[in-house]
Amino acid sequence: MSPEPGDHYVLVTSDAHAGAAMAAYKPFLDARWHDEFDEWLAGVVMPWVDVRDTSNWDSDVRLAQMDADGVSAEIIFPNTLPPFFDILAHLSGVPRERATFDRKWAGLQAHNRWLVDFCAQAPIRRRGVVQLLPNDIDAAIAELRWAASTGVVAGVMLPAVPANHVVEPYFHERYDPLWAACVETGLPVHQHQGTGAPDVGTDPIATTIFFTELELWTKRTLHHLVVGGVFERHPELQVVWTEMWGLRWVVEELAQMTLRLRNVQSRYAGQPRALNYSQTFGSAVVDGLSLTPLEYFRRNCSIGASMLPRHDVKYCGVLGFDRIMWGTDAPHPEGSAPHTTDALRATLFDVPEPELRAMLGENAARRYGFDLDALAPFAAAIGPTVIEVAEPLAEWPELPGVVFAAEDPLEALLG
C-alpha cells in the first residue's frame with residue numbers, strides 16, 4: 001500500500017549534544033568543590049562556537065530547533081565543558097592519578113545531575129546519556145543505579161581506555177560487575193568518537209594527528225568486547241557506538257576480527273592450534289567464543305549513525321536494519337541539523353519504508369524507552385512525510401555537513 005500524503009516519520013535522533021552554561025554547574029557540585037570550581041571557571045575558555053549556543057541549555061530554544069528540523073525526540077550526549085575539564089568530556093582521556101580522577105569525577109557527576117534536570121523538562125521527547133569513568137567500578141555502578149532510577153536516562157557513556165594505561169582494558173574481568181549492572185538496569189553502554197587516544201600533549205602536529213586518528217582508538221573497544229569474551233559472558237549486554245563516521249568501519253573491523261580468529265581458533269582449523277603461530281595468539285577465551293564477530297554485533301551492538309554518507313547505506317543490511325539508529329549530531333555543524341530532511345533525501349531516499357521507519361525512530365524508541373504513541377502527535381505536526389523523504393534531492397546542497405558527502409572517498413582514491 002502506498003503511503004498517504006500525511007504519513008510522517010517519527011524522527012528520534014540517537015546523537016544530540018547538550019550541556020550547561022558553565023557557571024550553572026556549580027549548584028550541582030558538592031559544596032567542598034565550590035572554591036576550586038570558582039578558580040577553574042575564572043580561567044577556562046569555551047573552545048568552540050557550538051558549545052556557546054544557548055540551545056545547549058535552554059529547553060525552549062532547543063525544542064523549537066528540534067521542531068524546525070522535524071525531530072520528535074532526542075538522545076543527549078555531553079556538550080560544553082563540565083567542571084574541571086579543559087576540553088569536551090567525550091574528547092577527554094581516562095585519568096591516571098587518583099586526585100585527577102576525583103576532580104573529574106565530581107565534574108561529571110555535576111553534569112549528570114544537570115542533565116537529568118534538563119531531560120525532566122521534556123520527558124516525552126528527551127533522554128540523556130550519563131557519563132562514567134572506568135577507574136572506580138563501585139563508584140560507576142552506584143552512579144549507574146542512580147541514573148536508572150531517574151526515569152530520563154537512556155544509557156551510560158564510557159571513554160575508551162588508551163593502550164598501556166594504568167586502568168585495565170574493557171576485556172578485563174574487573175568490569176564484569178559493571179556489565180551485569182548495565183544488563184540489570186537495562187541501560188546500554190555507549191562509546192563516542194574521540195576517546196581512547198594516548199596523551200599527545202599540545203604540539204600542533206600532534207594535535208592534528210589526534211584529530212585524524214579520532215576514531216581509531218574507539219574502535220579498539222569493539223575488539224576487546226568481542227574477542228575478549230565480554231559478549232560471551234554477558235549475552236544481554238548492549239553497546240552503542242555513536243558518531244563514528246559511516247558504517248563501513250564496522251564491517252571492516254568485523255571482517256578483520258573474523259579472519260584473525262579463524263587463524264587461531266581450533267574449531268576453524270580442524271585441530272587444536274594447527275598454524276605455527278596459533279599457540280602464541282590463540283587462547284581458551286578465543287576457543288570459547290560461540291558466535292562470529294558479526295553475530296555478536298547483531299546481538300549485542302548498535303550504531304548511532306550520525307554523519308551517515310550515501311555510499312555507506314549499502315552496509316545497513318549487512319549489519320542489520322534493526323541495529324542502526326539515525327542521528328543528527330545537533331548542534332554540531334558537521335551533522336545534519338538544521339537540514340535533516342534534506343539529509344534524509346540525499347542519503348536514504350531509496351531505503352524501503354519499514355526499514356527506514358526502524359532506523360529513523362523505532363530502533364531508538366525501543367533501545368531508549370520512548371513511547372512512540374506519545375511521540376506520534378509531534379511527528380504528525382513536524383516530521384517529514386514518507387513521500388517527501390522518498391524524493392531524491394535534485395542537487396547536492398553546498399553545506400558544511402559531511403552528511404552530504406556524495407563521493408565515496410575510497411572510490412575516489414581508486415579513480
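**Reading the model**

A: Start with the rings: ring pairs link Trp33, Phe37, Trp40 and Phe84 into a cluster. Rings of Phe, Tyr and Trp (its six-membered ring) pair if their centres lie within 6.5 Å; planes under 30 degrees apart count as stacked, over 60 as edge-to-face and the rest as tilted. The structure holds 10 aromatic pairs. The model is predicted: local features need pLDDT of at least 70, side-chain atom pairs count only at pLDDT 80 or more, and totals for chains, interfaces and linings use all residues. Residues are numbered from 1 along each chain as its sequence is written, and side-chain values use heavy atoms, with hydrogens and water left out.

Q: What is the order of the strands in the open sheet?

A: Strands of a sheet pair through backbone hydrogen bonds, either parallel or antiparallel. Here eight strands pair in parallel, in the order β1-β2-β3-β4-β5-β6-β7-β8. Strands (E, at least two residues) and helices (H or I, at least four) are DSSP runs, numbered from the N terminus, and two strands pair if DSSP finds at least two bridges between them. At the edges are β1 (12-18) and β8 (324-326), each pairing on one side only.

Q: Which strands does β3 pair with, and through how many bridges?

A: Three bridges join β3 to β2, and four join β3 to β4 (residues 153-157); both pairings are parallel. Glu74 has Arg126 of β3 as its bridge partner, while Val129 stands opposite Gly155 in β4.

Q: Is β3 enclosed or open?

A: Six of the six residues of β3 are buried, so the strand is largely enclosed by the rest of the structure. Buried means under 20% relative accessible area, exposed over 50%, and partly exposed in between (1.4 Å probe, protein chains only). Arg126, Gly128 and Val130 point one way from β3, and Arg127, Val129 and Gln131 the other way.

Q: What does Arg126 lie over?

A: Arg126 lies over the face of Phe118, 4.1 Å from the ring centre. A charge sits over a ring if NZ of Lys or CZ of Arg is within 6 Å of the ring centre and within 35 degrees of the ring normal. Lys104 lies likewise over the face of Phe85, at 4.8 Å.

Q: Which residues have the most contacts inside the largest nonpolar core?

A: In soluble globular proteins, nonpolar side chains tend to be buried together. A nonpolar core is a set of buried Ala, Val, Leu, Ile, Met, Phe, Trp, Tyr and Cys residues joined through side-chain atoms within 4.5 Å. The largest here has 101 residues, and Leu178, Trp179, Trp241, Leu247 and Leu348 have the most contacts inside it. Helix α3 (residues 98-120) gives the most to this core, with 10 residues.
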